[in-house]
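Subject: Structure handover and findings

Hello,

Please find the structure below. My notes on what was found in it follow.

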Amino acid sequence: MANVKFINVTKRYGELVILDGINMEIKDREFVVIVGPSGCGKTTLLRMLAGLEEISEGGIYIDNKFVNQVHPSKREIAMVFQDYALYPHMTVAENMSFALRLKKMPQKEVKHRVSEAAGTLQLQKLLDRMPRQLSGGQRQRVAIGRAIVRKPKVFLFDEPLSNLDAKLREEMRVEIAKLHQRLTSTVIYVTHDQVEAMTLAGRIMVLNRGIVQQIGTPIEIYRKPVNLFVAGFIGSPTMNFINGKIEINGEDVYFKASGTAPQGPEQGASGGTAALRPQVSEAMPTTSSSVGRNATRPQVSPACAEASAGREAMPTTSFRIQIPSFLLPDAGAHKNKEIVLGIRPDDVRVGKFSDKNRDVIETVLEVSELLGHRENLYLKAQDIKILAIVEAFFNQSPGSAVPVSFNHENMHLFDKGNGSRISV
Amino acid sequence: MLYSIYEVIWFFFIVAFGILAIEGYFYYHFKFYDRKWFLPAGAVFFPLAASFACAFFLDAGYSRLPAHFLYFFISETAILLFFRHVVRGRFLLPYLLMAPAFVGLALLLAYPFFFEVYLSFHDLKLTTIMEWKNTGKLPFAGLRQFVNVFTVPPLAEAGFWKLLIRTLLWTFINIFFHVLGGFILALLLNNKIRFKGIYRTLLVVPWAMPQVVAVLAMRGEFHSQYGFINVMLAKLVAWFPFLAGLGIGPVQWLSDYPLMTCTLINIWLGIPFMMVVILGGLQSISSSYYDAADIDGAGYFQKLRYITIPLIKPVLMPAITLGTVWTFNNINVIYLVTGQSGGTEQADILVSALYKAAFTYNRYSYSAAFAIVIFAILLLISVFYLRTFDAAKSQYER
Amino acid sequence: MKDKLKMQVTSHYRILRSPARGGGKSQARKKLIRNFLIHFGIILFSIVCIYPLLRIFSVSIRPGDRVISTDLSIIPDSAALLSYARLLKETHFLRWLWNSLIITMTTSFIGVSLASTAAYAFSRFKFPGKKFALLLLLSTQMIPAGMLILPLFLMIMKLGLINTYLGMIIAYSVSSLPFSIWILKGYYDTIPRSLEEAALVDGTSMIGAFYRIILPLSTPALSIAFLFNFTMAWNEYLVARVVLFSSKQYTWTLGLFELQGQFITQWGMFAAGSMLVTIPVLLVFLYSSKWLISGLTLGSVKG
């Protein structure tokens with residue numbers, strides 16, 4: 001029905017830059033999830049698209065129409081708010097038909113559309129209730145119903161599931177996915193929950209501090225995160241990060257570990273590496289859809305640098321891992337640089353393997369968590385923390401030695417200085 | 001010389017709309033208002049030109065030139081600011097929403113206020129009022145009225161300082177008992193008890209009753225012969241004669257202790273309001289604090305001291321501030337109890353003295369200066385209150 | 001919105017609850033004693049609160065010759081409605097009530113409608129001068145009551161509106177405005193903005209969202225503001241005393257005051273009149289008292 005284009009969209013409050021040059025083109029009928037930690041500007045972007053927030057710079061196009069100055073109701077969008085924003089003084093039916101009545105649509109048509117939407121969402125029995133008589137999940141459905149009846153070109157969802165409990169959230173997630181299949185309209189969905197992003201999205205935009213980190217399909221983003229922030233933000237449990245350096249010994253390339261890197265988006269957000277623009281360089285073939293400027297920024301915040309320096313000062317007897325050459329074709333260029341190796345917990349193999357695998361790392365089990373079908377192992381190799389996931393039941397007590405190795409194909413290497421990906 | 005408000009409005013409209021038309025043209029066609037120099041230049045040049053034009057073409061004479069310049073300057077600046085901030089700005093809607101209320105306030109509160117300020121620098125009293133009516137001129141008094149406020153007593157007996165002390169005492173005692181009574185009642189009502197709704201209904205009756213009726217009814221109860229209190233006292237003495245020996249007996253409340261009578265009546269009137277406010281505050285305190293305190297082993301009074309009082313402070317402080325201002329300004333009770341002709345002046349506080357000075361003794365300018373002094377005192381008190389309130393608030397918002 | 005208010009109003013009553021200790025039986029007894037004390041205290045206070053009202057009622061139904069007496073009983077012997085009959089026949093009481101009603105209703109309506117839009121501007125918009133304007137509103141509360149009477153009187157006189165409804169309405173209309181704005185702003189602040197945004201997306205203008213969403217939701221706060229305006233104008237007499245001079249144009253406050261202020265106070269008629277004006281106001285007040293608590297706390301906390 002409609003495509004959406006963001007062209008260099010920027011939002012400023014005085015000196016404060018909330019969104020910095022967002023560029024993206026969303027195709028018709030696409031389901032795009034904008035994901036990022038709280039305060040990254042994702043909701044602001046959505047509200048700008050809805051016309052609830054002024055656009056400081058750049059332009060937004062819906063269906064190839066420039067809409068910067070268009071009133072929200074004329075943009076042919078519908079929005080589902082985080083707190084649902086159901087009008088408390090109107091019944092469910094009145095809530096759903098409010099927009100249509102404002103448009104002076106004939107009564108019959110209004111009724112038809114409301115009952116149609118109510119049918120899709122199983123709301124028939126609730127039409128005469130007031131919002132306060134509904135449960136959270138029902139309110140959520142009414143909010144979606146209110147969006148559906150308008151038959152908009154674009155659906156906007158602003159963290160719609162964050163007020164629901166875990167079980168209901170899963171149910172509604174499936175409902176929304178089904179709904180998208182049925183409605184075949186463009187959906188833009190904002191969330192901070194990477195599970196929602198992974199499961200719902202056709203494409204994901206990862207946003208941090210007002211800067212687009214990566215845009216791509218869920219699998220691209222999971223397999224080939226373009227920088228430390230995306231790597232830490234997407235995937236649960238979080239990827240293991242290990243500090244170290246590249247060593248070259250003849251033909252062989254090795255990674256020499258020296259400590260645990262600050263993990264995940266939390267540290268990233270406070271440390272500074274995560275705020276960096278993704279580096280689109282030749283060495284890093286990014287997915288075709290990733291957008292990012294090549295602007296270089298101050299590389300690393302002093303606090304972060306200091307912290308890592310402190311960590312390095314500690315005496316460690318570290319391990320060495322061979323890096324397959326297909327992973328890092330131009331290893332020489334990265335010699336003597338601070339490197340972060342990322343490995344997802346699922347790619348940490350536990351146990352002795354055949355001789356072929358030379359890089360067995362001796363670790364000590366600290367804690368193990370049983371999750372039913374699998375088990376999280378919190379391991380420590382000297383002072384490097386590693387999380388591994390194994391099938392249940394791993395019958396070892398804390399303190400026992402556990403040899404592990406990394407799945408070579410799925411190792412990620414990042415430049416510690418600017419956080420960008422250097423491995424293929 | 002202050003024009004009456006209608007002359008001012010008329011003048012303003014004529015001048016403003018004339019200039020507005022010209023400047024609107026400039027604005028829309030040349031976007032002059034975007035230039036930085038335009039505001040100061042426009043504010044000086046246009047009025048200068050207009051006032052000279054007045055002098056030339058309207059034969060107004062050069063003596064009125066400064067006055068005209070002043071009026072044009074004010075209206076011009078207003079127009080320029082109007083263009084700059086309202087018409088051009090993104091703030092048109094909020095200003096439009098506020099406009100009716102603030103125009104009303106300006107006409108019916110601000111204008112009278114400034115009129116009083118004007119009066120306070122002149123001399124309007126019974127002997128000059130006819131002259132003022134006929135010629136519109138008043139003798140200028142400078143700061144004399146303000147000096148008089150502190151030196152000449154407004155009433156027959158009490159001077160300013162005595163009244164001030166009486167007022168402060170009155171305010172303090174009233175507020176103290178309002179809060180104390182309101183707090184006790186709110187604590188009592190905040191229990192799980194039967195008939196709670198009925199009790200609450202009965203307890204707000206003094207507040208809900210029309211004040212005139214309430215005060216006059218209470219005044220009746222203080223009547224020396226037929227009032228409830230004296231009837232009860234007389235009966236007590238009749239039953240227990242030894243009490244009379246202790247000096248207990250019917251009291252001439254209204255003539256001997258008028259201020260005390262007024263205070264008792266006002267306390268009775270004011271407790272329900274505080275009770276309602278405090279009750280609201282109590283109900284907004286989460287019960288988990290009390291559960292936690294129970295586990296920590298706090299007793300009833302400890303809970304009161306460390307949980308209830310600190311947590312209702314944010315609700316209580318604004319109510320106390322408002323209550324202080326209202327009590328300080330409370331003319332109703334004192335006027336209704338003692339205000340009739342021949343009534344005593346022993347109970348008068350600042351505001352009622354002000355009212356009597358103006359409408360019983362007809363010293364208008366004097367009372368205007370008096371009112372401004374009272375206003376200043378109140379402003380000081382509430383600034384002090386709000387300071388402490390802000391301090392208390394920021395303590396919790398951390 | 002209402003949910004929120006309800007939650008605030010439905011009390012938890014644990015303030016006096018003491019931690020569980022001691023045996024079951026003694027605790028039950030303790031509770032009994034405590035409850036008795038609480039009831040006793042409240043009943044005592046309640047009597048103090050309503051006794052004067054009862055006394056007026058009692059006076060109003062006394063036969064003419066025994067209006068003034070030291071008798072303290074509420075229902076006197078040979079109760080009669082003589083005073084009411086005399087009041088309605090010998091004075092312009094109904095006319096006074098009518099005058100008061102017209103003036104009060106009009107001023108309340110004007111006051112609330114002015115305040116509702118102004119408070120909306122304060123609650124939802126950022127604009128230069130906002131803080132200053134709020135402070136200005138607050139400082140109007142410091143103006144002594146007697147101060148504005150003379151200029152208002154002169155103004156009304158110049159307009160030729162002495163002794164008219166319109167003059168009274170003009171004099172009253174803005175006096176509760178600052179307080180009403182304050183209360184309404186506090187209430188609007190609790191209404192989530194997303195409601196208006198949803199309305200904007202649904203196709204209303206900003207003003208439309210205000211009229212269709214915010215105003216209907218603010219009924220409790222609007223009623224409180226209305227109540228404040230109403231009681232202020234209904235009970236006012238200082239300005240009325242200056243502006244109105246013919247007995248036919250009096251508001252009831254002036255009328256009753258006159259009955260009471262003559263050489264021999266017409267106690268019977270005064271009491272009858274007081275009852276007649278008090279009962280409706282009391283009913284309105286009590287009806288809205290459940291909103292009153294939440295409204296006041298909202299206004300003062302959020303202010």
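Two residues are taken to be in contact if their C-beta atoms, placed from the backbone, lie within 7 Å. Please keep in mind that this is a predicted model.

Chains B and C

By that criterion, 80 residues of chain B are in contact with 82 residues of chain C. By class, the side of chain B that touches chain C consists of 60 nonpolar, 16 polar and four charged residues.

Chains A and C

The contact between these chains takes 18 residues from chain A and 16 residues from chain C. In chain A, β6 (77–80) and α2 (92–102) each supply at least two residues of the side that touches chain C. That side of chain A has 13 nonpolar, two polar and three charged residues.

Domains

The domain assignment of chain A gives domain 1 (4–218) and domain 2 (239–280 + 317–415). Taken over C-alpha atoms, the centres of domain 1 of chain A and domain 2 of chain A are separated by 39 Å.

For chain C, the assignment gives domain 1 (22–80) and domain 2 (86–302). Nine residues from domain 1 of chain C and seven residues from domain 2 of chain C make up the contact between them. Sorted by class, the side of domain 1 of chain C that touches domain 2 of chain C has six nonpolar, two polar and one charged residues.

Largest nonpolar core

This core has 280 residues, and of these A:Leu156 and A:Ile188 touch the most other members. The largest share of the core, 14 residues, comes from helix α14 (residues 258–283) of chain B. Leaving out residues up to four places away in sequence, A:Leu156 touches A:Leu46, A:Leu49, A:Ala50, A:Ile77, A:Ala78, A:Met79 and A:Ile188. As background, nonpolar side chains tend to be buried together in soluble globular proteins.

A buried arginine

Helix α4 (residues 136–148) of chain A contains A:Arg146. A:Arg146 has 29 C-beta neighbours inside 10 Å and therefore counts as buried, the cut-off being 20 or more. Its contacts include none of the residues up to four places away in sequence by the way of counting used here; A:Arg146 touches A:Asn95 and A:Met96. The C-alpha atoms of A:Arg146 and A:Ser97 are separated by 7.1 Å, although the two residues are 49 residues apart along the chain.

A helix in chain C

Helix α8 (residues 177–190) of chain C has 14 residues. From its first C-alpha to its last, α8(C) reaches 20 Å, close to the 20 Å expected at 1.5 Å a residue. Twelve of the 14 residues of α8(C) are buried, so the helix is largely enclosed by the rest of the structure. Among the buried residues of α8(C) are C:Trp182, C:Lys185, C:Tyr187 and C:Tyr188.

A hairpin in chain A

Strand β17 (residues 374–381) of chain A and strand β18 (residues 384–391) of chain A run antiparallel and are joined by eight bridges. One of the pairings links A:Glu375 to A:Val390 in β18(A). The two strands, β17(A) and β18(A), form a hairpin with two residues between them. In the turn, A:Gln382 has a positive phi of about 50 degrees.

Regards

Methods. Residues numbered from 1 in each chain as written. Chains lettered and ligands numbered in written order. Predicted model: local features only at pLDDT ≥ 70, side-chain atom pairs only at ≥ 80, totals over all residues. Domains from an automatic or database assignment. Nonpolar A, V, L, I, M, F, W, Y, C, P; charged D, E, K, R; others polar. Pairing = 2+ DSSP bridges. Helix = DSSP H or I, 4+ residues; strand = E, 2+ residues; numbered from the N terminus. Expected span 1.5 Å × (residues − 1). Core = buried A, V, L, I, M, F, W, Y, C linked by C-beta atoms within 7 Å.
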